[in-house]
Amino acid sequence: MVARAIPSRNPLAAALLRPAAKPLLFILALLPFAWLVYGAITNNLGANPAEYLSRATGDWTLRFLCITLAVTPLRVITRMPALARFRRMLGLFVYFYAVLHFLAYSWFDMGFDLSEIAKDIPKRPFILVGFSGLVLLTPLAATSFNRAVKALGAARWQALHKAVYSIAALAVLHFFWMRAAKHNFAEVAVYAGILAALLGWRVAQYLMKKRFQPALGLAAAPPGRSAR
């Protein structure tokens, strides 16, 4: 008898399916927040802690946005469907750090004066853009659970969550205007390049799908009949 070859399992893919994978990711995603809390308690955030906290929470919002948008391309390229199970959690951490970023502005810049905040947001374009991104993120975070998918229906849910592309553009624009005062655009270019590459990949996938759909329809049609 000839022994049949047993297909080898990808150890990384197997690790992603373990029950401990999600709690581990949750802890890792909280580490930046824990570090900021520790730095604030120990007075180790530099000469201007308020500015440091505001900038750091904004940076981590952008980083988690990039990571979240990278999940689908990585899942397709590496052929590891298990990566998809982490996308919602990562998306919620985008919202978590975005809320912290807004709270830092509300506390350190405005002293939690709601009337002054309401006046200041439309007055300064970079704050208006950032706040608009937070507003768009809110329904995405609120519908990031299975019951919301069932209530909205898969098509509506997917249409709603496509707002993440607009949010990415607003986030980069917000960051650009923040750095424009200091004429420091190096980091802006990095984030803009990463997000452009990730969104460009999705556009390319969409165009390829649209291109091959007619051919698939013709192939599936019975002989002698055209596919409609």
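Me: Is N43 buried or exposed in this predicted model?

Reply: A residue is judged by its relative accessible area, and a value over 50% counts as exposed. N43 has a relative accessible area of 61%, and it is therefore exposed. This residue is found in the loop between α2 (21–41) and α3.

Me: What is the phi of N43?

Reply: Phi of N43 is near 55°, which is a positive value in a residue other than glycine. F112 is another case, with phi near 60°, also positive in a residue other than glycine. The place of F112 is in the loop between α4 and α5. With a relative accessible area of 45%, F112 is partly exposed.

Me: How is the packing of two helices described?

Reply: The description uses the angle between the two axes and the distance between the axes. In this structure, helix α3 (residues 49–78) packs with helix α4 (residues 87–109) at an angle of about 160°, and their axes are 8 Å apart. An angle over 145 degrees counts as roughly antiparallel, and α3 and α4 are therefore roughly antiparallel to each other. Their crossing is left-handed. By class, the contact of α3 with α4 has 15 nonpolar residues, eight polar residues and one charged residue.

Me: At what angle do α4 and α5 pack?

Reply: The angle between α4 and helix α5 (residues 114–123) is about 115°, with the axes 11 Å apart. These two helices are therefore roughly perpendicular to each other. The crossing in which α4 passes α5 is right-handed. From α4, the contact is made by F102, Y105 and S106; from α5, by I117, D120 and I121. Sorted by class, the residues of this contact divide into four nonpolar, one polar and one charged.

Me: Where does N10 lie?

Reply: N10 lies in the segment before α1 (11–16). Its relative accessibility is 37%, so N10 counts as partly exposed. N10 and M80 are 70 residues apart along the chain, and their C-alpha atoms are separated by 8.9 Å.

Me: Over which residues does pLDDT stay under 50?

Reply: The predictor's confidence in each residue is given as pLDDT, from 0 to 100. Over residues 1–8, pLDDT stays under 50, and for these residues the model has zero contacts beyond four places in sequence. The chain as a whole averages a pLDDT of 87, and 89% of the residues score at least 70.

Conventions:
Residues are numbered from 1 along each chain as its sequence is written. This is a predicted model: local features need pLDDT of at least 70, side-chain atom pairs count only at pLDDT 80 or more; totals for chains, interfaces and linings use all residues. Side-chain values use heavy atoms; hydrogens and water are left out. Axes are lines fitted to C-alpha atoms, for helices over the stretch in contact, and angles run from 0 to 180 degrees between N-to-C directions. Helices (H or I, at least four residues) and strands (E, at least two) are DSSP runs, numbered from the N terminus. Angles under 35 degrees count as roughly parallel, over 145 as roughly antiparallel, 65 to 115 as roughly perpendicular and the rest as oblique. A crossing is left-handed if the near helix is turned anticlockwise from the far one by less than a right angle, and right-handed if clockwise. Ala, Val, Leu, Ile, Met, Phe, Trp, Tyr, Cys and Pro count as nonpolar, Asp, Glu, Lys and Arg as charged, and the others, Gly among them, as polar. Contact means heavy atoms within 4.5 Å. Buried means under 20% relative accessible area, exposed over 50%, partly exposed in between (1.4 Å probe, protein chains only).
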